[in-house]
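Please read this briefing alongside the sequence and the coordinates. The points below are grouped by topic.

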Amino acid sequence: MANEAQLPGIERSESDDRIVCHVDADCFYASCERLREPALRGEPVVVGMGYEPGDTVGAVATASYEAREFGVESAQAISTALERLPRRKPLENGADGTDLERSETGYYRPVDMDYYESVAADVREILHDCADVVREVSIDEAYLDVTERTAWEVADGFARHITDRIRREVGVTVSVGVAPAMSAAKIASDFDKPDGLTVVRPGEVREFLAPLEVDLLHGVGPVTARELREMGLETAGDVAVTDPEPLIDRFGERGRELYDRARGEDDRRVEPRGEPKSFSRESAFADPVAEPDPKYEQIETLASAVVDRARREGALYRTVGVKAVLPPYDVNTRERSLPGPVDDPDLVDRIARQLFAEFDSAPVRKLGVRVSNLEFAATDQASLDGWEAASTEATADEPRSGAAEPDDGEPTRPATTDGQTSLNDFS
């Protein structure tokens, strides 16, 4: 779809405003845990560290919306979270291990970044399929420039197509903001969570921003918000009509940026963060498939797709990998590295089939093919004969249930959106 013309029947001029989507997953870690354990749906879920007996240090990574109703928040001390929402501990006979009412307790789960990254890779695959330009900001959010894919008249339908695909094919929900600028799209995505869709059309941005508290301006944290209020600026509308010079005196060049953003002026372009680290394609079956033939046919199709993408991007690859997802959501990856960078479709197909062989009779709900360790600079390509000689000593990686599956690009900063705090650098 990347090279398709604009939507039929829609005319666009060079002066038309860009169409930017900000896609933000809803309580992503908690959503992943519910994907793995469907019984957690609708229940208070806290993902974090330090809640086991004897643990002395810990923090909340994210809390579901149900848990937030009890006052549990991201980055909160786990001890505080446990006071506000005691942990539900089932006993062997099925009773709760607490004298509290069941409705006053919640589920606690440890952080599993490998698993979360594998789910994020599935989401990223859809985002790259829906947009020509994707800027991945963190494990659970990204900007998309879809100017060449849709038009303002139907932008809401296009955004809903993205959310529906992610819900149907991955199983998590996202909220999307659509606007002609990145900062406005970011604010819009948080406007109607969870599973929200807010479209701010050209000419409506300043009106949309005006009544918002200064805390909601993109890039404004608690300290800056307090300082803005000390200057008598309570809303984005106040900032938009004030004299910018005091803002510049107080905050430097960032003051000018705050003034511009409050007025809806943001000319930043959606640009990818560096070169991609891998190319992958995945496909889900309507129901788990155990028969080998349909799976190998899909392997062939996916292998062809990733090799074609690598050629279009001018990339060689050193590693070939496959992914097999078994019910309910048991993620398994295998990969094999080559002695040198290659561009060889037949080789990718053959290795993918070999790596997938152990799953040829297993029920598979989703499978994927990936090439990684990319090289974009001109380089000597390893010969097929050279690889065949070395391949007799090469073996697949050990199984990694729930292993990370990076996709086109990688997050470059920890996730901090939607009340989710980072515990590490997820790249």
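Helix axes are lines fitted to C-alpha atoms, over the stretch in contact, and the angles between them run from 0 to 180 degrees between N-to-C directions. This is a predicted model, in which local features need pLDDT of at least 70 and side-chain atom pairs count only at pLDDT 80 or more, whereas totals for chains, interfaces and linings use all residues. Residues are numbered from 1 along each chain as its sequence is written, and side-chain values use heavy atoms, with hydrogens and water left out.

**Overall make-up**

- The protein has 14 helices and twelve strands, where helices (H or I, at least four residues) and strands (E, at least two) are DSSP runs numbered from the N terminus.
- Of its 427 residues, 49% count as buried, a class that requires under 20% relative accessible area, with exposed meaning over 50% and partly exposed in between (1.4 Å probe, protein chains only).
- The accessible surface comes to about 19400 Å², of which 46% belongs to carbon and sulfur atoms, the areas being computed by the Shrake-Rupley method with a 1.4 Å probe.
- Among contacts (heavy atoms within 4.5 Å) between residues at least 6 apart in sequence, 68% join residues at least 24 apart.

**The α12 and α13 pair**

- Two packed helices are described by the angle between their axes and the distance between the axes.
- The axes of α12 (residues 292-312) and α13 (residues 345-356) come within 9 Å and cross at roughly 140°.
- That angle makes α12 oblique to α13, given that angles under 35 degrees count as roughly parallel, over 145 as roughly antiparallel, 65 to 115 as roughly perpendicular and the rest as oblique.
- The crossing of α12 past α13 is right-handed, which applies if the near helix is turned clockwise from the far one by less than a right angle.
- On the α12 side the contact includes Lys-295, Tyr-296, Ile-299 and Glu-300, while the α13 side includes Val-348, Asp-349, Ala-352 and Arg-353.
- The residues of this contact divide into eight nonpolar, no polar and five charged, with Ala, Val, Leu, Ile, Met, Phe, Trp, Tyr, Cys and Pro taken as nonpolar, Asp, Glu, Lys and Arg as charged, and the others, Gly among them, as polar.

**Backbone geometry**

- Most residues other than glycine have a negative phi, and most peptide bonds are trans.
- The peptide bond from Lys-193 to Pro-194 is cis, with omega near -10°, and Pro-194 is found in the loop between α6 (182-189) and β8 (197-199).
- Asp-195, also placed in the loop between α6 and β8, has a positive phi near 55° and is partly exposed at a relative accessible area of 32%.
- Ala-75, in the loop between α2 (65-68) and α3 (78-84), has a positive phi near 70° and counts as exposed at 52% relative accessibility.

- Phe-191 lies in the loop between α6 and β8, is partly exposed with a relative accessible area of 47%, and touches Thr-198, Phe-208 and Leu-212, not counting residues up to four places away in sequence.
- Phe-191 and Leu-216 are 25 residues apart in sequence and 9.5 Å apart in space, C-alpha to C-alpha.
- Thr-224, in helix α8 (residues 222-230), is buried with a relative accessible area of 9%, and touches Phe-251, Arg-254 and Leu-258, again leaving aside residues up to four places away in sequence.
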